[in-house]
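Please keep the sequence and the 3D view open while reading.

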Amino acid sequence: MPAALLAELAEAAQAEGARLHLPDQRATDRVLRSTWEAESRNGSDSGRAAESRRWADGPRSSPGFGPGPAAAGPQDALDRLPMRDFGAHRRPSAPPALPCETHSALVLLRTAHDRRADWLRAGQALERVLLVATAGGVRASLLHQALEWTDLRGDLDRVPDGDYRGHTQMVIRLGYGPEGPVSPRRGAAEVIDLGG
(Lines give C-alpha, C1' and ligand atoms only; values in the text may rest on other atoms or scores of the structure.)
Protein backbone atom coordinates (compact mmCIF):
# COMPACT_ATOMS: atom_id res chain seq x y z
CA MET A 1 0.00 0.00 0.00
CA PRO A 2 1.46 3.38 -0.96
CA ALA A 3 2.16 5.64 2.02
CA ALA A 4 0.20 8.50 0.40
CA LEU A 5 -2.92 6.35 0.13
CA LEU A 6 -2.57 5.13 3.73
CA ALA A 7 -2.32 8.78 4.82
CA GLU A 8 -5.47 9.60 2.82
CA LEU A 9 -7.31 6.70 4.50
CA ALA A 10 -6.18 7.93 7.93
CA GLU A 11 -7.41 11.44 7.07
CA ALA A 12 -10.77 10.01 6.01
CA ALA A 13 -11.18 8.33 9.41
CA GLN A 14 -10.02 11.43 11.25
CA ALA A 15 -12.56 13.59 9.38
CA GLU A 16 -15.28 11.56 11.14
CA GLY A 17 -13.64 11.68 14.58
CA ALA A 18 -11.98 8.24 14.46
CA ARG A 19 -8.41 7.01 14.16
CA LEU A 20 -6.94 4.53 11.68
CA HIS A 21 -3.92 2.67 13.03
CA LEU A 22 -1.53 0.57 10.91
CA PRO A 23 0.09 -1.88 13.35
CA ASP A 24 3.61 -3.20 12.82
CA GLN A 25 4.12 -6.86 11.85
CA ARG A 26 4.33 -8.12 15.43
CA ALA A 27 1.08 -6.35 16.36
CA THR A 28 -0.54 -7.56 13.12
CA ASP A 29 0.31 -11.14 14.10
CA ARG A 30 -1.32 -10.49 17.47
CA VAL A 31 -4.49 -9.18 15.76
CA LEU A 32 -4.56 -12.23 13.49
CA ARG A 33 -4.19 -14.60 16.49
CA SER A 34 -7.18 -12.96 18.18
CA THR A 35 -9.15 -13.18 14.95
CA TRP A 36 -8.25 -16.88 14.54
CA GLU A 37 -9.37 -17.56 18.11
CA ALA A 38 -12.68 -15.77 17.49
CA GLU A 39 -13.25 -17.61 14.21
CA SER A 40 -12.59 -20.89 16.00
CA ARG A 41 -15.10 -20.00 18.73
CA ASN A 42 -17.68 -18.91 16.15
CA GLY A 43 -17.26 -22.14 14.20
CA SER A 44 -17.67 -24.35 17.25
CA ASP A 45 -20.78 -22.53 18.52
CA SER A 46 -23.70 -24.23 16.78
CA GLY A 47 -26.04 -21.28 17.35
CA ARG A 48 -23.64 -18.76 15.84
CA ALA A 49 -22.84 -21.05 12.93
CA ALA A 50 -26.55 -21.52 12.15
CA GLU A 51 -27.14 -17.77 12.31
CA SER A 52 -24.21 -17.12 9.95
CA ARG A 53 -25.60 -19.62 7.44
CA ARG A 54 -29.03 -17.97 7.62
CA TRP A 55 -27.53 -14.56 6.91
CA ALA A 56 -25.30 -15.85 4.12
CA ASP A 57 -27.94 -17.92 2.35
CA GLY A 58 -31.17 -16.24 3.34
CA PRO A 59 -34.49 -17.98 3.06
CA ARG A 60 -34.83 -19.73 -0.29
CA SER A 61 -38.19 -18.04 -0.77
CA SER A 62 -36.66 -14.58 -0.33
CA PRO A 63 -34.10 -13.79 -3.04
CA GLY A 64 -31.73 -11.00 -2.16
CA PHE A 65 -31.86 -11.68 1.59
CA GLY A 66 -28.29 -12.94 1.90
CA PRO A 67 -25.20 -12.50 -0.24
CA GLY A 68 -24.93 -16.20 -1.13
CA PRO A 69 -21.91 -18.51 -0.83
CA ALA A 70 -19.95 -16.99 -3.76
CA ALA A 71 -19.80 -13.57 -2.09
CA ALA A 72 -17.67 -14.98 0.74
CA GLY A 73 -14.81 -15.36 -1.73
CA PRO A 74 -12.06 -17.93 -1.58
CA GLN A 75 -10.44 -18.97 1.68
CA ASP A 76 -6.67 -18.79 2.16
CA ALA A 77 -5.27 -22.06 0.78
CA LEU A 78 -2.33 -21.87 3.20
CA ASP A 79 -4.65 -21.11 6.13
CA ARG A 80 -2.70 -18.04 7.29
CA LEU A 81 -5.57 -15.56 7.11
CA PRO A 82 -8.67 -16.08 9.29
CA MET A 83 -11.45 -15.06 6.92
CA ARG A 84 -15.10 -15.47 7.83
CA ASP A 85 -16.73 -18.06 5.60
CA PHE A 86 -20.26 -18.09 7.05
CA GLY A 87 -20.38 -21.83 6.37
CA ALA A 88 -20.25 -21.18 2.63
CA HIS A 89 -17.06 -23.17 2.07
CA ARG A 90 -18.61 -26.40 3.24
CA ARG A 91 -20.61 -26.50 0.00
CA PRO A 92 -19.57 -27.90 -3.38
CA SER A 93 -20.38 -24.55 -5.04
CA ALA A 94 -17.82 -22.69 -2.90
CA PRO A 95 -14.96 -20.94 -4.70
CA PRO A 96 -11.68 -22.90 -4.58
CA ALA A 97 -9.17 -21.83 -1.94
CA LEU A 98 -6.33 -19.63 -3.18
CA PRO A 99 -3.04 -18.54 -1.61
CA CYS A 100 -3.32 -15.11 0.02
CA GLU A 101 -0.65 -12.55 0.85
CA THR A 102 2.23 -13.53 3.13
CA HIS A 103 1.95 -10.37 5.23
CA SER A 104 -1.49 -8.93 5.72
CA ALA A 105 -2.03 -5.18 5.58
CA LEU A 106 -4.41 -4.63 8.47
CA VAL A 107 -5.59 -1.36 9.95
CA LEU A 108 -7.52 -0.83 13.17
CA LEU A 109 -10.35 1.69 13.18
CA ARG A 110 -10.53 3.15 16.67
CA THR A 111 -12.46 5.73 18.67
CA ALA A 112 -11.48 7.47 21.89
CA HIS A 113 -14.47 6.07 23.77
CA ASP A 114 -16.95 3.22 23.36
CA ARG A 115 -20.34 4.89 23.65
CA ARG A 116 -23.24 4.91 21.20
CA ALA A 117 -22.00 8.18 19.69
CA ASP A 118 -18.61 6.50 19.12
CA TRP A 119 -20.26 3.56 17.36
CA LEU A 120 -21.98 6.01 15.01
CA ARG A 121 -18.73 7.93 14.52
CA ALA A 122 -16.93 4.65 13.74
CA GLY A 123 -19.58 3.65 11.21
CA GLN A 124 -19.29 6.99 9.42
CA ALA A 125 -15.51 6.74 9.46
CA LEU A 126 -15.66 3.19 8.10
CA GLU A 127 -17.89 4.32 5.23
CA ARG A 128 -15.52 7.14 4.36
CA VAL A 129 -12.43 4.90 4.59
CA LEU A 130 -14.03 2.25 2.35
CA LEU A 131 -15.03 4.87 -0.24
CA VAL A 132 -11.51 6.33 -0.34
CA ALA A 133 -10.03 2.82 -0.59
CA THR A 134 -12.37 1.93 -3.46
CA ALA A 135 -11.53 5.18 -5.28
CA GLY A 136 -7.84 4.24 -4.89
CA GLY A 137 -8.38 0.78 -6.41
CA VAL A 138 -7.89 -0.96 -3.05
CA ARG A 139 -9.97 -3.94 -1.96
CA ALA A 140 -11.08 -4.16 1.64
CA SER A 141 -12.50 -6.89 3.82
CA LEU A 142 -13.65 -6.67 7.41
CA LEU A 143 -12.26 -8.99 10.07
CA HIS A 144 -14.80 -8.39 12.82
CA GLN A 145 -14.73 -11.81 14.50
CA ALA A 146 -12.67 -10.75 17.54
CA LEU A 147 -14.94 -7.75 18.13
CA GLU A 148 -17.77 -10.16 18.94
CA TRP A 149 -15.99 -11.55 22.02
CA THR A 150 -15.38 -9.22 24.97
CA ASP A 151 -12.01 -10.68 25.98
CA LEU A 152 -10.68 -10.74 22.41
CA ARG A 153 -11.88 -7.21 21.73
CA GLY A 154 -9.92 -6.18 24.82
CA ASP A 155 -6.85 -7.80 23.25
CA LEU A 156 -7.34 -5.63 20.15
CA ASP A 157 -7.68 -2.51 22.31
CA ARG A 158 -4.30 -3.30 23.86
CA VAL A 159 -2.47 -3.41 20.50
CA PRO A 160 0.08 -0.58 20.86
CA ASP A 161 -0.71 2.69 19.07
CA GLY A 162 1.77 5.19 20.51
CA ASP A 163 0.17 7.18 23.32
CA TYR A 164 -3.35 6.71 21.94
CA ARG A 165 -5.66 4.69 24.18
CA GLY A 166 -8.75 3.94 22.16
CA HIS A 167 -11.37 1.31 21.47
CA THR A 168 -11.09 -0.85 18.37
CA GLN A 169 -14.31 -0.69 16.37
CA MET A 170 -13.22 -2.59 13.23
CA VAL A 171 -10.26 -4.47 11.75
CA ILE A 172 -9.87 -3.81 8.02
CA ARG A 173 -7.73 -5.88 5.64
CA LEU A 174 -6.53 -3.78 2.71
CA GLY A 175 -4.79 -4.69 -0.51
CA TYR A 176 -4.99 -5.16 -4.23
CA GLY A 177 -6.79 -8.10 -5.76
CA PRO A 178 -9.47 -9.23 -8.16
CA GLU A 179 -12.96 -7.79 -8.04
CA GLY A 180 -15.40 -9.99 -6.16
CA PRO A 181 -18.86 -11.06 -7.26
CA VAL A 182 -21.76 -8.66 -6.96
CA SER A 183 -24.05 -9.51 -4.06
CA PRO A 184 -27.83 -9.28 -4.47
CA ARG A 185 -29.71 -6.16 -3.40
CA ARG A 186 -33.31 -5.73 -2.38
CA GLY A 187 -35.42 -3.02 -3.98
CA ALA A 188 -36.24 0.13 -2.00
CA ALA A 189 -39.90 -0.90 -1.67
CA GLU A 190 -38.79 -4.06 0.18
CA VAL A 191 -36.76 -2.25 2.83
CA ILE A 192 -38.54 1.09 3.36
CA ASP A 193 -41.77 1.25 5.33
CA LEU A 194 -43.75 4.24 4.08
CA GLY A 195 -46.67 3.54 6.40
CA GLY A 196 -47.48 6.14 9.04
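The paragraphs below take up the sheet, a helix lying across it, and the nonpolar core.

The model is predicted: local features need pLDDT of at least 70, side-chain atom pairs count only at pLDDT 80 or more, and totals for chains, interfaces and linings use all residues. Residues are numbered from 1 along each chain as its sequence is written, and side-chain values use heavy atoms, with hydrogens and water left out.

Four strands form an open sheet in the order β1-β2-β4-β3, with antiparallel pairing. Helices (H or I, at least four residues) and strands (E, at least two) are DSSP runs, numbered from the N terminus; two strands pair if DSSP finds at least two bridges between them. At the edges are β1 (19-21) and β3 (139-142), each pairing on one side only. From one strand to the next, the twist averages 30°. Strand β3 is joined to the antiparallel β4 (residues 167-175) by four bridges; Ala-140 has Leu-174 in β4 as its bridge partner.

Helix α4 (residues 116-135) lies across β1, β2 (105-111), β3 and β4, at about 10° to β4. Axes are lines fitted to C-alpha atoms, for helices over the stretch in contact (heavy atoms within 4.5 Å), and angles run from 0 to 180 degrees between N-to-C directions.

The largest nonpolar core has 32 residues. Such a core is a set of buried (under 20% relative accessible area, 1.4 Å probe, protein chains only) Ala, Val, Leu, Ile, Met, Phe, Trp, Tyr and Cys residues joined through side-chain atoms within 4.5 Å. Helix α4 supplies the largest share of this core, six residues. Leu-9, Leu-20, Leu-109 and Ile-172 have the most contacts inside the core. Not counting residues up to four places away in sequence, Leu-20 touches Leu-9, Ala-10, Ala-13, Val-107, Leu-108, Leu-109, Val-129 and Ile-172.

Terms used: Buried < 20%, exposed > 50% of the residue type's maximum accessible area, 1.4 Å probe, protein only.
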